[in-house]
Amino acid sequence: MVLTLQNITKQYKDKLALKGFSLEMTEGIYGLLGPNGAGKTTLMRIIADVLRPTEGSVRVDGELKEGMNERYRDLLGYLPQELGIYKSFTAYNFLMYIASLKGIEKHRAKSKAEELLEITGLKDSKVRLCGSFSGGMKRRLGIAQALLNDPKILILDEPTSGLDPKERVRFRNLISGISQNRIVLLSTHIVSDLDMIAKAVILLREGQLIRADAGKKLLEELDGKVWNVKIPESRFVEYENKYTIGNLTRRDGLLELRILSDARPEEAACPDSPTLEDMYLYFFKEKEQSGQEEAII
Amino acid sequence: MKDEISREEMDEIEQMLKAYIIPVPEKKRIDMAVNHVAECMRHSNSYKADSGIFSRLIKVSAHVLRYSGKRYFLVCLVIYAAVLLLLRDNRINPYTPVIILGPVPFMAALLDIFRSREAGMAELEASFKYNLKQLMISKLVLAAFTNIVCNSVFSIAILGMYKSVNPAKVFLFWCVPFLFISTVSLFITMRIRGYYAPTVCLGIWSAFSVYITGNTRVMEYLVYRAEIELFVLGGVISSIFLIYAVSCLLIKSMERGDLYGTDSAKYYEAI
């Protein structure tokens, strides 16, 4: 299956949220990264058929989504950034309700709902009212509803927000396991969520596609640009003004900095292997320096 | 007459046909033509898929009934049954409950029609096979249908209990408030978020209708002196407004956020 986004532009009243975004996606996991206001949610809403683009088209195997209509929505699984839940429904009834709107037969819906409650660790809370769920449980229920129809295109807008580390690992494994025969587009602020599982990373800034490539390839661009350096605390401001700083740890009265720099910052600096966190800082460093970046890394 | 074409004639025909050279188009142009035809075919397919609107309406309505209809129907049934019981002692003007109850089932259904918005489910429901627009159409149709059935049955019961009532007036006394008050309530609920909007509308209507029907002079005018044509005119005008209100609601659900500036979430609050 090929999902083609061609020249997607979205103009709101006074803001251009997406500018000529074009990309072709095949089966696998795509991680969508970008600072707040980059247009990630707008892009996902357009693919989820919830928002119309001002310009451009979305095609599946060459067929326009507008022409496919219900057939297109039948391929979708969507988890919005902010998911409301009917509080008076039990988890099981909520999934059955969604299954009904997705046009899934009752018999299949029952077995699928049971299976997904098990997978998402909600089996014991099957008959509990959704209104009594914690944020993490609601998120897991949201993930379960997105998978109900075995979607060929799975769109997850910040799926791991509100999940604890154990749940995040479980979610990563789940997504990785099901990604073989479907397109998964996953937006996140938690860069480490994409480690190991993403086939490609899409970098979006101010509505424009900066880069879309395999994480490994993007990391190659940072080879020789990541340094570890130990400095006395008194020199921190000087380094902060001069370099993009990743991690900072205090050890033995010294500050250990992880620096992104094209050139070796000083003789004693040791080169290190780049990570996706470094990549995020590298591509969005201008914003980072202006103090607008809000990624959790 | 000669059956066979001679060699000379064949050469002559070949020479003549050479004048009609059809240039072979570039591959790019052939591909464009194929794509264009394929697009037309898709449109015709999607037209076929959309042609079963009625069956889809039934499917989505069945879904609505299964998940949110039972309590609503039970409440409607209890209210109408209770009023009929009250009417048995013949001390209440039969037109009074007809007017008061006229738009009540539809107004009560507004709580459910806008439930997706209030629960923050509108965005998710817009992405489903049977999407938010279809869900809202089904709910609106069901609410109107229930309102009409409840009032029709109630009217028949009243006509059976009171031989002196005018059937046309009984019909118009619930029909006009149903059309007019439902439209006003729909407009208000579309614009004001929160479960309290339909509840407040219901409260205002109850207070107003009780006041009107409690006023002897007004009731005398409505029952004995007002022309039926006046009610018919009111009904027609209200119908036009109701159609307009429903169109506004559906256009919003089709335009999906485009009306609400940069924060598309506001759109889902608005529908």
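## Terms and model

Two residues are in contact if their C-beta atoms, placed from the backbone, lie within 7 Å. The structure is a predicted model, in which local features need pLDDT of at least 70 and side-chain atom pairs count only at pLDDT 80 or more, while totals for chains, interfaces and linings use all residues. Residues are numbered from 1 along each chain as its sequence is written, and chains are lettered from A and ligands numbered from 1 in the order in which they are written.

## Where the chains meet

Chain A brings 30 residues to the contact and chain B brings 25 residues. On the side of chain A that touches chain B, the elements giving two or more residues are β5 (63–64), α3 (70–74), β6 (76–79) and α4 (91–101); here helices (H or I, at least four residues) and strands (E, at least two) are DSSP runs, numbered from the N terminus.

## Chain A

Chain A has 11 helices and 14 strands. Its radius of gyration, taken over C-alpha atoms, is 21 Å, close to the 19 Å that the globule rule (2.2 Å times the number of residues to the power 0.38) gives for 297 residues, so chain A is as compact as a globular protein of that length. Along the principal axes, the C-alpha atoms of chain A fill a box of roughly 70 × 45 × 35 Å.

## Chain B

Chain B, by comparison, holds 13 helices and zero strands. Among contacts in chain B between residues at least 6 apart in sequence, those joining residues at least 24 apart make up 76%.
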